[in-house]
Amino acid sequence: MREALLQIISKMRNKRIMLIGDMIADVYLEGRISRISREAPVLILEHTAENVVPGGAANAVHNTATLGGQVYAVGVVGDDFPGQELARKLESKGVITAGLIPDITRPTITKTRVMAGGQATVRQQVVRIDREKKDALSQDIEGRIINYIREIIPQMDAVVLSDYGGVTVTSAVLRAVIDTCLSHGIPSVVDSRYKVMQYKDVSIVKQNESEAAAAVGLKSLDEQSLLSAGNEILNQLQAEAVLITQGPDGMTLFEKSGKVTHIPVTNVSEVYDVTGAGDTVVAAMILAVAAGATYVEAASLANFTAGIVVRKPGTATATLKELQEAVRGHYEMH
């Protein structure tokens, strides 16, 4: 397995991946605590920095690019600073952003976290402010997204749908993506927070345990209901494979052939921060599939990649070099 995985890693670089979804700007406003306000019992912070980090589908884009993919990002941004900064950050990683359609009627989805701390105090989140327009996309914007998708998908090695429950992946958009992929024999993967059962005929489905439970109408999953949920999602969506991530319990892969493979985590003791790890799993999985991996090999590499990012604080990414080292290190130990 070790040599097979290392060979796949060497083929992942420069695979062309289109990634469609809800592009989110995670804004961090940093402040140093100066005193308590006279107006109300709240902290007064002296502004020290402002940082925009790719979130939501933009984090999946960022992860795929850092793992060596040539990513074509598709989504909606506002005509505003967070949208411009998001595009700039992604472009600096070599991402093609021609598919980020600006919509002057809505702001870029932003999640602004006000962070307080000082030299002698722990940095912590004081408040989070979310900004998002929930109205449906206009026909014009939706049409522009679909036209771009249909034009560019035939040149892709694989496609990702990263649906965070925003307005980007409409029924018309998801059908255009899946139908175009099917007609050109291009593998597709979906990671959908709330409506995965709408993605019929997608190649690969990635869900975490709670999302998979909700998809089949359950509150949570035990060992037995995990198996039935995985198979139900696989059969209803006519997918090739379903990957359910289980946090510290690893992940389970269900394949069309009926084969079920459980993949335990590679570094149980070192889990640090699982923020955004799901996007990392999707990025590694689709790049590996695009590089010719079997679903089991792709899931194993996704598992190694998740093991790298959970050891880093915040929404983190992994590189191909780190992935190679993790695979080598694991097989040397075992």
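**Entry 1: a loop residue, N14**

I started at N14, which lies in the loop between α1 (2-12) and β1 (16-21). I took helices (H or I, at least four residues) and strands (E, at least two) as DSSP runs, numbered from the N terminus. The model is a predicted one: local features need pLDDT of at least 70, side-chain atom pairs count only at pLDDT 80 or more, and totals for chains, interfaces and linings use all residues. Residues are numbered from 1 along each chain as its sequence is written, and side-chain values use heavy atoms, with hydrogens and water left out.

N14 is not a glycine, yet its phi is positive, about 65 degrees. This residue comes just after α1. Is N14 buried or exposed? I noted 52% relative accessibility, so N14 counts as exposed. The cut-offs are under 20% relative accessible area for buried, over 50% for exposed, and partly exposed in between (1.4 Å probe, protein chains only).

I then looked up Q238, a residue other than glycine whose phi is also positive, near 55 degrees. Q238 sits in the loop between α7 (223-237) and β11 (241-245). Its relative accessibility is 48%, so Q238 counts as partly exposed.

**Entry 2: helix α1**

Next I went back to α1. Its buried residues include L5, L6, I8, I9 and M12. Where do the buried residues fall, seen down the axis of α1? They fall within an arc of 160 degrees, so they line one face of the helix. The arc is that of the directions from the helix axis to the C-beta atoms. I wrote down a general point here: an α-helix has 3.6 residues a turn, so residues three or four places apart point the same way. The cover over the buried residues of α1 includes α8, α9 and α10. Contact here means heavy atoms within 4.5 Å.

**Entry 3: the aromatic pair**

How many aromatic pairs does a search of the whole structure find? I got 1. The rule pairs rings of Phe, Tyr and Trp (its six-membered ring) if their centres lie within 6.5 Å; planes under 30 degrees apart count as stacked, over 60 as edge-to-face and the rest as tilted. The ring centres of F304 and Y331 are 6.4 Å apart and the planes stand at 50 degrees, so this pair is tilted. F304 belongs to helix α9 (residues 295-309) and Y331 to helix α10 (residues 320-333). The two are 27 residues apart, so I noted a link between distant parts of the chain. F304 is buried at 5% relative accessible area, while Y331 is partly exposed at 28%.

**Entry 4: salt bridges**

I counted a salt bridge when a side-chain nitrogen of Lys or Arg is within 4 Å of a carboxyl oxygen of Asp or Glu. The count comes to 15 salt bridges.

- R113 and D26 meet at 3.2 Å, N to O. R113 is in strand β6 (residues 109-117) and D26 in strand β2 (residues 23-36), 87 residues apart. Both are buried.
- D179 and R175 have their closest N and O atoms 3.4 Å apart. Both lie in helix α5 (residues 171-184), 4 residues apart, about one turn of the helix. D179 is partly exposed at 40% relative accessible area, and R175 is partly exposed at 26%.
- K206 and D191 have their closest N and O atoms 3.6 Å apart. K206 lies in strand β10 (residues 204-208) and D191 in strand β9 (residues 188-192), so the pair ties together parts 15 residues apart in sequence. K206 and D191 are buried.

**Entry 5: D279, a charge without a bridge**

D279 is in helix α8 (residues 277-290). This residue is buried yet has no salt bridge. Which side chain of opposite charge is nearest to D279? I found K206, 6.7 Å away. Lys and Arg count as positive and Asp and Glu as negative; His and the chain ends are not counted.

D279 does have a side-chain polar contact of 2.8 Å with N59. A polar contact is a pair of N or O atoms within 3.5 Å; within protein, one must be able to donate a hydrogen and the other to accept it, and residues adjacent in sequence count only if both atoms are side-chain atoms. Not counting residues up to four places away in sequence, D279 touches G56, N59, A60, N63, S162, Y164 and D191.

**Entry 6: I244**

Last, I looked up I244 in strand β11. I244 is buried, with a relative accessible area of 0%. Leaving out residues up to four places away in sequence, its contacts include L226, G230, M251 and F254.
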